[in-house]
There are 2 protein chains.
Amino acid sequence: LRALSEKVKLAVVADNRIVIDGLSAVFARSERALTVLVECNTGADRCGVVSPENAAELADAIVKAPGLAFGGLMTYPPTGDAASVQAFMVRAKTLIEKIGLTVSCVSSGGTPDMMSAHTAPITTEYRPGTYVYNDRSLVSRGNDCALTVLTTVVSTPAANRAIVDAGSKILTSDLLGLSGYGHVLGWPDIAIDQLSEEHGRLTAADEIGLKVGQRVKIVPNHACVVRNMVDAVYVVIRHQVIATWPVVARGKII
Amino acid sequence: LRALSEKVKLAVVADNRIVIDGLSAVFARSERALTVLVECNTGADRCGVVSPENAAELADAIVKAPGLAFGGLMTYPPTGDAASVQAFMVRAKTLIEKIGLTVSCVSSGGTPDMMSAHTAPITTEYRPGTYVYNDRSLVSRGNDCALTVLTTVVSTPAANRAIVDAGSKILTSDLLGLSGYGHVLGWPDIAIDQLSEEHGRLTAADEIGLKVGQRVKIVPNHACVVRNMVDAVYVVIRHQVIATWPVVARGKII
């Protein structure tokens with residue numbers, strides 16, 4: 001992290017003192033301070049301090065920690081509840097300013113609520129992740145999808161069933177509350193009802209209408225995890241591959 | 001496939017004539033015939049011909065196709081139903097032998113039923129995939145697990161909750177009928193109740209008892225897909241890393 005901070009503009013988050021102490025121990029010897037935001041739990045119940053009071057305490061701890069700079073507040077909000085974000089962040093910002101600190105950034109995020117980000121106006125930065133592609137989980141919110149998985153029908157073992165060469169090692173098992181493992185573009189009556197690792201099972205109520213060798217595009221449920229399954233993404237405009245993007249960060253787990 | 005067949009012993013399966021024709025078109029010009037087994041649906045309803053009669057027809061088609069050699073029968077069986085495998089394969093083998101062909105291999109598989117493979121005695125080859133590691137889905141069958149995911153607690157945002165640095169991009173969303181996304185070794189009362197991409201959420205009924213910075217090992221639900229998420233597997237004997245195995249085939253999707 002310290003080596004990386006010397007190359008790029010970098011900010012991290014913390015929601016506890018153990019992480020602050022650990023970061024400080026490393027960055028106390030660094031020429032440049034590390035920017036640390038306080039992660040806040042505004043209702044999604046992942047990480048984050050549970051109260052504005054706790055946020056102010058940690059902001060104070062960051063400022064006092066050698067090698068660290070207080071960067072502001074950060075949250076991943078609960079879906080459909082911008083009011084919670086606004087209430088938590090206004091209160092936290094007020095408390096932090098009372099102890100003489102500046103809250104230069106209030107960062108929120110989430111593609112699902114991106115178009116209502118303005119309803120939490122205290123937000124100064126918004127992080128939409130899935131938005132670069134969109135996916136099936138966002139179609140119901142009126143978005144287009146840029147990412148598809150190109151598959152080939154390898155078997156039609158029954159009249160109402162076809163098997164494609166994409167299974168859980170491409171589409172993943174993420175459901176995100178949806179029925180089935182993706183949407184077969186142009187075939188609205190076909191369901192992807194089961195995945196094995198290398199195969200997807202497509203079913204229809206009647207004749208499925210697909211032939212072995214036929215290619216079908218699948219809009220995945222969750223773009224983020226699907227892109228992580230492949231070494232490269234092909235950029236296609238008007239049926240031409242105009243670029244290949246390597247997925248450089250996949251598998252980079254320490 | 002043809003280039004590969006010149007380097008290694010290779011056999012593939014087919015459950016339809018389109019695939020047989022495609023393989024034949026390529027291997028008709030090859031010096032060495034490609035071994036093709038007929039894939040049979042013995043109840044798992046993935047790929048495979050649906051009847052022993054269809055299996056015999058395809059065996060005949062393979063033998064008559066230039067460049068191909070008939071290698072036998074193959075199935076991925078339904079869990080807990082070796083009787084179906086035995087019945088289908090005996091009938092298919094009999095029909096195929098009637099047209100003068102030899103069924104040199106009857107291949108079945110599946111780790112869950114590995115220890116009852118002998119109850120389908122027509123089987124000559126058994127393919128247990130998960131067995132090399134085992135996983136949480138097999139614990140109930142009395143197996144040990146060799147594969148664990150080493151994680152670090154990064155946050156304890158509430159008394160009964162902890163967050164580790166392993167999410168769906170490591171553990172995957174595969175449930176395989178289980179409750180939760182893995183088993184925390186040594187902490188039987190802790191559940192992994194939710195994954196985001198980089199985080200796993202651990203919950204307990206009361207105090208969770210974990211500290212930020214603490215390392216915990218997680219036995220994943222499904223070893224096969226978890227190993228596919230990382231670039232390397234560390235082989236540990238008595239707390240010593242004695243080897244690093246690269247996962248060379250991950251992401252190798254054409």
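## Close-up views of a predicted two-chain model

**View 1. The surroundings of A:Ser5.** Leaving aside residues up to four places away in sequence, A:Ser5 touches A:Leu10, A:Phe27 and A:Arg32. In this predicted model, A:Ser5 belongs to helix α1 of chain A, which covers residues 2-5. A polar atom of the side chain of A:Ser5 lies 2.7 Å from the backbone oxygen of A:Arg2. With a relative accessibility of 7%, A:Ser5 counts as buried, because burial here means a value under 20%.

**View 2. The open sheet of chain B.** Six strands of chain B make up an open sheet, in which they follow the order β8-β11-β6-β7-β10-β9 and the pairing is antiparallel. The edges of this sheet are formed by β8 (183-184) and β9 (191-195) of chain B, each of which pairs on one side only.

**View 3. Cysteines without a disulfide.** A disulfide is a covalent bond between the sulfur atoms of two cysteines. When the whole structure is searched, zero disulfides are found over all chains. For A:Cys105, the closest cysteine sulfur belongs to A:Cys40 and is 11 Å away, which is too far for a bond, because the two sulfur atoms of a disulfide have to be within 2.5 Å. A:Cys224 is likewise in no disulfide, and the nearest cysteine sulfur, that of A:Cys145, is 12 Å away. A:Cys105 also counts as buried, with a relative accessibility of 15%.

**View 4. The relation between chain A and chain B.** Chain B is superposed on chain A by a rotation of 180 degrees with 0.0 Å of shift along its axis, and the RMSD is 0.0 Å. The two copies are therefore related as by a two-fold rotation axis. The same surface serves both copies, in that 100% of the contact residues of chain B recur in chain A. Among the residues of chain B, the one that comes closest to the rotation axis is B:Ser173, whose C-alpha is at 2.7 Å.

Definitions and conventions:
Residues numbered from 1 in each chain as written. Chains lettered and ligands numbered in written order. Predicted model: local features only at pLDDT ≥ 70, side-chain atom pairs only at ≥ 80, totals over all residues. Heavy atoms only, no water. Least-squares fit on C-alpha atoms with pLDDT ≥ 70 in both. Contact = heavy atoms within 4.5 Å. Helix = DSSP H or I, 4+ residues; strand = E, 2+ residues; numbered from the N terminus. Buried < 20%, exposed > 50% of the residue type's maximum accessible area, 1.4 Å probe, protein only. Polar contact = N/O pair within 3.5 Å; in protein donor to acceptor, adjacent residues only side chain to side chain. Pairing = 2+ DSSP bridges.
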